[in-house]
Each structure stands twice: as C-alpha cells, then as structure tokens.
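Trainee: I want to learn how to read a helix and its surroundings in a model. Can we work through a case?
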Amino acid sequence: MAAPDVLLVMGVSGSGKSTVGALLASELGWKFYDADDYHPEENRTKMGKGIPLNDQDRIPWLCNLHDILLRDVASGQHVVLACSGLKKMYRDILIRGKDGTPLKSDGTGEDKQPAEVKLLVVHLNGSFEVISGRLLKRKGHFMPPELLQSQFDTLEPPSAPENFIQISVDKNLSEIIATIMDTLR
Ligand SMILES: Nc1ncnc2c1ncn2[C@@H]1O[C@H](COP(=O)(O)OP(=O)(O)O)[C@@H](O)[C@H]1O
Ligand SMILES: O=C(O)[C@H](O)[C@@H](O)[C@H](O)[C@H](O)COP(=O)(O)O
C-alpha cells in the first residue's frame with residue numbers, strides 16, 4: 001500500500017476513535033484532530049437532545065474536515081483524524097471533497113492534479129454489547145448512549161476498493177496501536 005498521508009480512525013460512538021487516535025498520533029509524531037471538536041453547535045445540540053444527525057447535518061462538517069486535511073497534507077503534515085465516518089460517502093468526502101475529485105493546479109499552469117487525500121481507514125469494529133458497555137461508563141461527553149443503535153444502523157463498514165484495515169475493539173489499546181503500526185511498516 002502507498003504510504004498514507006492521513007489515518008482515519010473511524011467507527012461508531014464509543015468504539016475508541018478518540019482514545020486510539022490520540023495515542024497513535026503521539027506514537028507517530030503526527031498531528032491529531034478529533035472530528036467531534038469540529039461539529040457546529042447545531043449538531044452538538046441535536047445529538048445532545050438524542051436526535052441522530054443526518055446527511056445534511058454531516059456533509060458541511062465533513063467538507064470542512066476535508067479542507068483541513070488537504071491544507072495540512074499540502075504543507076507536508078501527516079495527520080491522524082478520529083471521525084465517525086460511518087458511511088462510504090462520508091469517507092469519500094474526506095478524501096475528495098463533496099464534488100468528487102476537484103482539480104488543482106500543479107503550479108505550472110498546465111497539468112492539473114487531483115486534490116485527493118491519501119487515506120488509510122482504520123475501522124474499530126465491535127459488538128453493540130461491548131461498545132454500549134463502554135459508553136455507559138464514559139463520563140462528561142455530549143453524546144447520549146441512546147444514540148448508539150442509530151450509529152450501528154447508519155454504519156457502512158469499509159470494503160474493497162477502499163484502503164482500510166479493521167481492528168476489533170476487544171483488543172486492548174496497546175494491541176490496537178501495535179497492529180496499526182505494523183500495517184504502516
Ligand atoms: N480498546 C479499548 N479497550 C478498553 N476500553 C477502551 C478501548 N478503546 C476505548 N476504550 C474506552 O472506551 C470509551 C470510549 O472511547 P472513546 O475513545 O471516547 O470512543 P469514541 O471516540 O469512538 O467515541 C472510553 O472510556 C475509552 O477509555
Ligand atoms: O457522525 C456522527 O453522528 C457523529 O460524529 C457521531 O458519530 C460522533 O460519534 C459524535 O460526535 C459523538 O462523539 P463520539 O464518537 O466521541 O461518541
């Protein structure tokens with residue numbers, strides 16, 4: 001696999017994205033973003049009321065994250081992004097933006113290059129029982145555990161031809177990090 005510029009740590013709420021993403025970024029010395037920090041206030045309020053987000057709520061949030069990734073990658077920065085990325089369409093937006101593959105100038109005024117983000121998707125995969133158990137214990141977070149079923153209903157696990165690995169949330173954190181580091185070698 002070509003070396004990725006960005007690692008997307010994805011999965012349903014409570015699958016461990018923020019925890020794994022932050023550890024991984026620190027291990028790799030890459031920049032870390034938690035997509036939760038980029039939700040507009042309306043999205044946070046909606047989730048806080050127990051209402052699941054829809055495509056309309058998520059698309060502008062994902063487009064903004066795509067712009068951030070492109071900007072960082074263009075400046076040579078490698079990034080770990082923790083983001084639910086539940087549907088293939090959402091992951092495609094993170095890679096290519098909303099309208100597929102916009103062209104950007106390579107600076108010569110002639111050839112154009114696609115403005116794509118080279119992404120490796122790390123899907124943290126687990127059962128409803130294990131993940132809801134963790135969410136019920138998690139304190140001080142705006143996401144109510146009652147929304148977990150809608151997250152599983154929305155989830156489209158990554159599949160070929162996406163560039164991805166899948167790791168069980170039943171593993172402990174050091175095993176998860178070691179598996180990802182092995183994949184990158
Ligand atoms: N592999 C793991 N084993 C045990 N507990 C974990 C693991 N990954 C995450 N956790 C715990 O599960 C909870 C949810 O993790 P978090 O990173 O907040 O998930 P997310 O960002 O996907 O919502 C946290 O309390 C975290 O400490
Ligand atoms: O797309 C979504 O519906 C949200 O991004 C959601 O998946 C995310 O999980 C929340 O922001 C809660 O945050 P946690 O994932 O950290 O629970």
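This is a predicted model: local features need pLDDT of at least 70, side-chain atom pairs count only at pLDDT 80 or more; totals for chains, interfaces and linings use all residues.

Trainee: Which residues of α3 are buried?

Mentor: Count neighbours: 20 or more other C-beta atoms within 10 Å make a residue buried. In α3 that gives R58, L62, L65, H66, L69 and L70. Viewed down the axis, these buried residues fall within an arc of 140°, so they line one face of α3. On the other side, Q56, D67, R71 and A74 are exposed.

Trainee: What covers the buried residues of α3?

Mentor: The cover includes β1 (6-10), β3 (79-82) and α4 (88-96).

Trainee: How do α3 and α4 cross?

Mentor: Read distance, angle and hand. The two axes come within 7 Å and cross at roughly 35°. The crossing of α3 with α4 is right-handed. From α3, the contact uses R58, I59, L62, C63, L65, H66 and L69; from α4, Y90, I93 and L94. These residues divide into eight nonpolar, one polar and one charged.

Trainee: What should I look for in the backbone?

Mentor: Most residues other than glycine have a negative phi, and most peptide bonds are trans. Just after α3, G76 takes a positive phi of about 85°. A cis peptide bond joins A160 and P161, with omega about 5°. P161 sits in the loop between α6 (148-154) and β7 (164-168).

Notes
Residues are numbered from 1 along each chain as its sequence is written. Chains are lettered from A and ligands numbered from 1 in the order in which they are written. Helices (H or I, at least four residues) and strands (E, at least two) are DSSP runs, numbered from the N terminus. A residue is buried if 20 or more other C-beta atoms lie within 10 Å of its own, exposed if 12 or fewer, and partly exposed in between; C-beta atoms are placed from the backbone. The arc is that of the directions from the helix axis to the C-beta atoms. Two residues are in contact if their C-beta atoms, placed from the backbone, lie within 7 Å. Axes are lines fitted to C-alpha atoms, for helices over the stretch in contact, and angles run from 0 to 180 degrees between N-to-C directions. A crossing is left-handed if the near helix is turned anticlockwise from the far one by less than a right angle, and right-handed if clockwise. Ala, Val, Leu, Ile, Met, Phe, Trp, Tyr, Cys and Pro count as nonpolar, Asp, Glu, Lys and Arg as charged, and the others, Gly among them, as polar.
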